[in-house]
Amino acid sequence: MATVRIIVTLKQGVLDAQGQAVRQGLRALGYGAVHDVKVGRYVELTVPDTYPPEEIRELCDRLLANPLIEEWRLEGASEPASKRASHSGRPRSEARSPKPEAWGLH
Amino acid sequence: MRFGVVIFPGSNCDRDCIHVLGSVLRQDVVELWHGKATVDGVDCVVLPGGFAYGDYLRAGAIAATAPVINAVREFATSGGAVIGICNGFQILLEAGLLPGAMLRNDVLQFRCRDVRMRVESTRTPFTSGLRVGQVLRMPIAHGEGNFYAPAPMLDAMEQAGQIVFRYCDAAGAVAAEANPNGAARSIAGISNQQGNVLGLMPHPERASEAILGSTHGRLLFQSAIGWIEGRRSSVVAVR
């Protein structure tokens, strides 16, 4: 098994209200020199060693990140790997939904 | 008329919707469970507010992958009337049934209060009985209602008549002060291109009885009832 570590952040220019709120909190504690704060999300996947990289890309674009407002990268990478937002093609959540019995909540 | 109210784990406005549709407006209402891929032959689907799946990942993101959403998508594609209220709106965005995305409120606060919104389009089933420029008052209650879409997308939506409601003041003027969450172009509600799917942040089901301070919300559901009746009779006429 391999571990895939993914970091999702808001795109440049998209309002990061959480980051702003954290910056306010840091200021209140006296850390006024902190110039900017961005809050993102960390997701860790355990997959087979042979798991296709294009499938990682696909599941990131379809669920882990919303390409309209977010970008994602693998931990350690300096450049975002996410594609630019695409408004064509099938809806992100279409198909591949788990079968009802897989939900276990009903 | 038969309404279906979708229930996800974490929905919390489902009872309010069922109460208004069933007890106030005397319509048939069925509950649609998120785990079943069917809308059960209803005339109209309601996605209620709440925190489906705890809003994990992003508001509406997990709910958008639920089996019932595939059935809602089919229903919407066939022209059926769908309304997503608050969290229901967020789910429709994440499911790709409506364009755009939702950000956290720019005020960095959860906002729970009455707002006014102006009707911008009467092409949706839920605004078909209203008039453009009409001002409605109903409550909002959300932390992520800051509607976002890139400017070209917003322009395309405006041209296609997909902006349905904008936050406004008592006189109907759209002003920054009347925008409770920073939503792009003061957008409170939008539709898909066909106009049969509506998403809005304010809660019509919380403004459907005089004792609650406003009955404007009822107008949306009554419009849908009229729209569905009209659609039925036109189908009969064609036959």
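Biologist: Which residue in S9(B) is the bridge partner of Met117(B)?

Modeller: Bear in mind that this is a predicted model. Strand S6 of chain B covers residues 111-119 and strand S9 of chain B covers residues 163-168. They run antiparallel, joined by 4 bridges. Met117(B) has its bridge partner in S9(B), and that is Tyr167(B).

Biologist: What is the strand order in the open sheet of chain B?

Modeller: The sheet has 9 strands, and the pairing is mixed. From one strand to the next, the twist averages 25°. Read across, the order is S2-S1-S3-S4-S11-S10-S9-S6-S7.

Biologist: Which strands of chain B stand at the edges?

Modeller: Look for strands with a single partner strand, so that one side is left without a neighbour in the sheet. In chain B that picks out S2 (28-33) and S7 (135-142).

Biologist: What angle does the direction of helix H1 of chain B make with that of S1(B)?

Modeller: Helix H1 of chain B, residues 14-24, packs on the sheet. There the helix touches S1 (2-7), S2 and S3 (44-47) of chain B. Its direction makes an angle with that of S1(B) of about 170°.

Biologist: Over to chain A: in what sequence do its elements run from the N terminus on?

Modeller: Chain A comes to 2 helices and 3 strands. Of its 106 residues, 18% count as buried. From the N terminus on, the elements of chain A run β-α-β-α-β.

Conventions
Residues numbered from 1 in each chain as written. Chains lettered and ligands numbered in written order. Predicted model: local features only at pLDDT ≥ 70, side-chain atom pairs only at ≥ 80, totals over all residues. Buried ≥ 20, exposed ≤ 12 C-beta atoms within 10 Å, placed from the backbone. Pairing = 2+ DSSP bridges. Axes fitted to C-alpha atoms, helices over the stretch in contact; angles between N-to-C directions. Contact = placed C-beta atoms within 7 Å.
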